[in-house]
Amino acid sequence: MDNRASPLRRKAATRRGQVGKRRAAAGPPEASPRPQAVACTPMSERDPTLPDVINPRVLDRMAHALQGRLTLGLSPATFTQAYADWTSHLLLSPGKQAELVQKAMRKLVRLGLYVERFACGEQCGPCIVPLPQDRRFTAEEWRQWPFNLIYQSFLLTQQWWHNATTDVRGVSRHHEQVVSFAARQLLDVFAPSNFVATNPVVLRRMTESGGANFAQGAVNFVEDWERAVAGRKPVGSEKFHPGHNVAVTPGKVVYRNRLMELIQYVPATPQTHPEPVLIIPAWIMKYYILDLSPENSLVRYLVGRGHTVFMVSWKNPDEDDRDLDMEDYLKLGVMAALDAVAAIVPGKRIHAAGYCLGGTLLAVAAAAMARDNDDRLATMTLIAAQTDFSDAGELMLFIDESAVAWLEDMMWEHGGLDTRQMAGAFQMLRSNDLVWSRMVQEYLLGERRPMTDLMAWNADATRMPYRMHSQYLRRLFLNNELAAGRYTVEGRPISLSDIRVPMFVIGTQKDHIAPWRSVYKIHIPADVAITFLLTSGGHNAGVVSEPGHPGRSYQVATHDKSDRYVDPDTWQSTAPVHDGSWWPEWQSWLADRSAAPAPPPPTGNDKAGYPTLAEAPGSYVLIE
């Protein structure tokens with residue numbers, strides 16, 4: 001195991017000791033300076049002037065951590081402030097009130113006319129259609145009386161509440177989004193599709209099976225509950241195990257430190273492009289989404305087309321890793337991997353690619369390297385990765401000062417963010433698909449969805465270290481330091497405009513984690529040629545889009561350094577559309593910026609200190 005991180009830990013311990021001495025000399029906590037917003041306060045930095053049992057900061061954190069278990073990690077203050085802002089402005093807006101009354105009357109009239117036409121036997125379409133992503137009422141049974149009236153009434157009510165919670169003059173944008181989101185979540189709980197008596201599909205299944213669907217649903221519920229209590233993965237996920245039927249592309253672990261393992265994949269062609277490809281995945285999940293089953297493995301696809309590929313496999317952190325920070329992930333992750341690749345394939349520039357959070361960290365590393373005249377990168381690829389967090393989509397609903405402080409107190413108790421908290425937040429963003437539709441199918445209809453490799457990977461969640469996650473939320477989401485040029489590496493600011501290597505940037509149309517318009521914002525600070533590609537699908541399924549995958553398409557266009565800025569909507573309306581997977585487009589772009597194929601490099605480099613340590617997928621990916 002590599003010990004290179006120990007000096008960093010000694011420095012951190014020294015800083016904590018110095019902080020404690022300064023606080024002791026300053027007197028009671030009321031006289032102490034306010035802590036920096038970026039830094040979170042670990043248990044080792046408690047106020048030494050008071051015992052823990054009466055230390056007000058510790059007591060508050062303990063109370064918030066306890067309350068957070070009841071609120072699913074959400075800050076009650078966030079919703080209270082948002083609701084108060086919306087309510088007070090709505091009460092003081094007679095025009096908006098009159099508009100809502102008018103809308104309610106018009107919706108009642110529309111519904112009445114629909115009922116009248118239907119009762120008279122006229123052929124008429126619905127008075128309101130669901131949103132494109134809402135598939136709850138697509139079954140033909142919903143067109144029959146009285147279920148057509150039930151679901152139409154629900155959709156009209158949902159639409160009215162959207163009108164009521166938006167466009168209230170004076171309400172802050174963030175509070176408006178929070179109130180609208182909360183109203184939508186509450187309405188989804190009471191959707192007619194969730195109840196036996198108002199769901200015609202469930203009633204038909206009950207009649208056909210004699211109620212056997214409920215018996216099977218009860219069995220499914222008990223099985224899921226037992227697994228949840230025991231901390232086990234969902235039913236069927238045990239069929240997909242890294243190293244057996246997923247993450248099986250041949251390779252070797254050539255480097256390991258306390259934070260990551262580096263995998264070098266075995267060449268699959270007699271010759272390879274001299275420039276290696278280094279992939280930095282997100283540490284929020286396991287790396288093997290990019291090396292799933294052989295037929296949909298991006299790694300296998302690249303190796304099969306003559307690329308030497310390296311992959312970072314992040315360790316699943318535990319409580320001992322609570323003080324790891326963003327600087328550790330940069331040094332022990334991206335920079336350590338670059339050092340290893342440069343030693344194994346000496347004299348060649350590197351094609352670096354980062355996915356999601358890994359792409360954001362890669363952008364930080366590339367900017368720091370440009371600042372320091374480090375020219376080891378040949379190109380940079382960002383896959384569904386944001387560098388500007390000013391418009392980061394619905395994830396921002398969970399991120400304000402109150403929400404981050406609340407989350408910090410919960411992480412402070414356990415040393416990190418638990419996998420269930422993170423999964424719960426993502427599920428809320430798509431509650432129709434990931435929560436309610438699943439419950440209807442598995443518990444009311446008694447049908448198990450077949451487990452896929454992507455679903456099994458999604459259930460193989462990881463934790464997030466306390467200090468790193470706090471810094472990530474504050475520095476990037478809350479303060480947007482990277483886009484504003486305030487992000488520091490080793491105490492000095494970096495700028496994305498310093499990056500001088502060509503970029504290939506990928507967004508996905510239905511991304512609820514890194515909205516593609518937010519990803520597109522890299523065009524503003526970057527001063528290089530950018531090839532931007534927008535693919536169909538979401539944050540995960542849009543990336544795992546192997547050739548031959550049905551229904552896939554993408555748009556792509558290159559913005560040269562001398563071209564004027566094009567806004568994302570104009571880009572989308574003008575960029576050509578192509579059918580199929582985006583993988584060949586990216587691979588061709590990499591090949592065009594690589595030298596002619598030559599004999600592949602050796603696996604590892606014993607003399608340089610990078611021997612082969614184990615077979616891929618290594619040991620870190622197996623840590624639960």
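## Getting started

Two residues are in contact when they have heavy atoms within 4.5 Å of each other. Among contacts in this protein between residues at least 6 apart in sequence, 81% join residues at least 24 apart. The model is a predicted one, in which local features need pLDDT of at least 70 and side-chain atom pairs count only at pLDDT 80 or more, while totals for chains, interfaces and linings use all residues. Residues are numbered from 1 along each chain as its sequence is written, and side-chain values use heavy atoms, leaving out hydrogens and water.

The protein has 20 helices and 15 strands. These are DSSP runs numbered from the N terminus, with helices (H or I) of at least four residues and strands (E) of at least two. Of the 624 residues in the protein, 50% are buried. Here, buried means under 20% relative accessible area, exposed means over 50%, and partly exposed is in between, using a 1.4 Å probe and protein chains only.

## Two pairs of helices

Let us begin with helix H12 (residues 401-414) and helix H16 (residues 466-478), which pack at an angle of about 170° with their axes 10 Å apart. Axes are lines fitted to C-alpha atoms, for helices over the stretch in contact, and angles between N-to-C directions run from 0 to 180 degrees. The angle makes H12 roughly antiparallel to H16; angles under 35 degrees count as roughly parallel, over 145 as roughly antiparallel, 65 to 115 as roughly perpendicular and the rest as oblique. On the H12 side, the contact is made by Glu401, Val404, Ala405, Leu407, Glu408, Met411 and Trp412. H16 brings Tyr466, His469, Ser470, Leu473, Arg474 and Leu478. The residues of this contact of H12 with H16 divide into eight nonpolar, two polar and three charged. In this scheme Ala, Val, Leu, Ile, Met, Phe, Trp, Tyr, Cys and Pro count as nonpolar, Asp, Glu, Lys and Arg as charged, and the others, Gly among them, as polar.

Now for helix H10 (residues 326-344) and helix H11 (residues 357-371): they pack at about 75°, with their axes 10 Å apart. That makes H10 roughly perpendicular to H11. In H10, Met326, Tyr329, Leu330, Val334, Met335 and Leu338 meet Leu361, Leu362, Val364, Ala365 and Met369 in H11. The residues of this contact of H10 with H11 are 11 nonpolar, no polar and no charged.

## Rings and a charge

Rings of Phe, Tyr and Trp (its six-membered ring) pair if their centres lie within 6.5 Å; planes under 30 degrees apart count as stacked, over 60 as edge-to-face and the rest as tilted. By this rule the count comes to 26 aromatic pairs. In one of them, the rings of Phe137 and Trp142 have centres 4.9 Å apart and planes at 90°, so the pair is edge-to-face. Both Phe137 and Trp142 are buried. Ring pairs also link Phe137, Trp142, Phe147, Tyr151 and Phe154 into a cluster.

Elsewhere, the charged end of Arg475 sits over the ring of Tyr487, 3.9 Å from its centre. A charge sits over a ring if NZ of Lys or CZ of Arg is within 6 Å of the ring centre and within 35 degrees of the ring normal.

Met311 is found in strand E4 (residues 309-314) and is buried, with a relative accessible area of 0%. Not counting residues up to four places away in sequence, Met311 touches several residues, including Glu261, Ile263, Tyr265, Pro281 and Val299.

Lys607 has its place in the loop between helix H20 (583-592) and strand E15 (614-615). With a relative accessible area of 86%, Lys607 is exposed. Lys607 and Ile344 are 263 residues apart in sequence and 9.6 Å apart in space, C-alpha to C-alpha.

## Backbone details to look for

Most residues other than glycine have a negative phi, and most peptide bonds are trans. A cis peptide bond joins Trp145 and Pro146, with omega about 0°. Pro146 is in the loop between helix H4 (94-119) and helix H5 (147-165). Another cis peptide bond joins Ala616 and Pro617, where omega is about 15°; Pro617 is in the segment after E15.

Asp167 has a positive phi, near 60°, and is found in the loop between H5 and helix H6 (173-189). At 64% relative accessibility, Asp167 counts as exposed. Ala247 has a positive phi near 55° and is found in the loop between helix H8 (212-230) and strand E1 (251-256). At 2% relative accessibility, Ala247 counts as buried.
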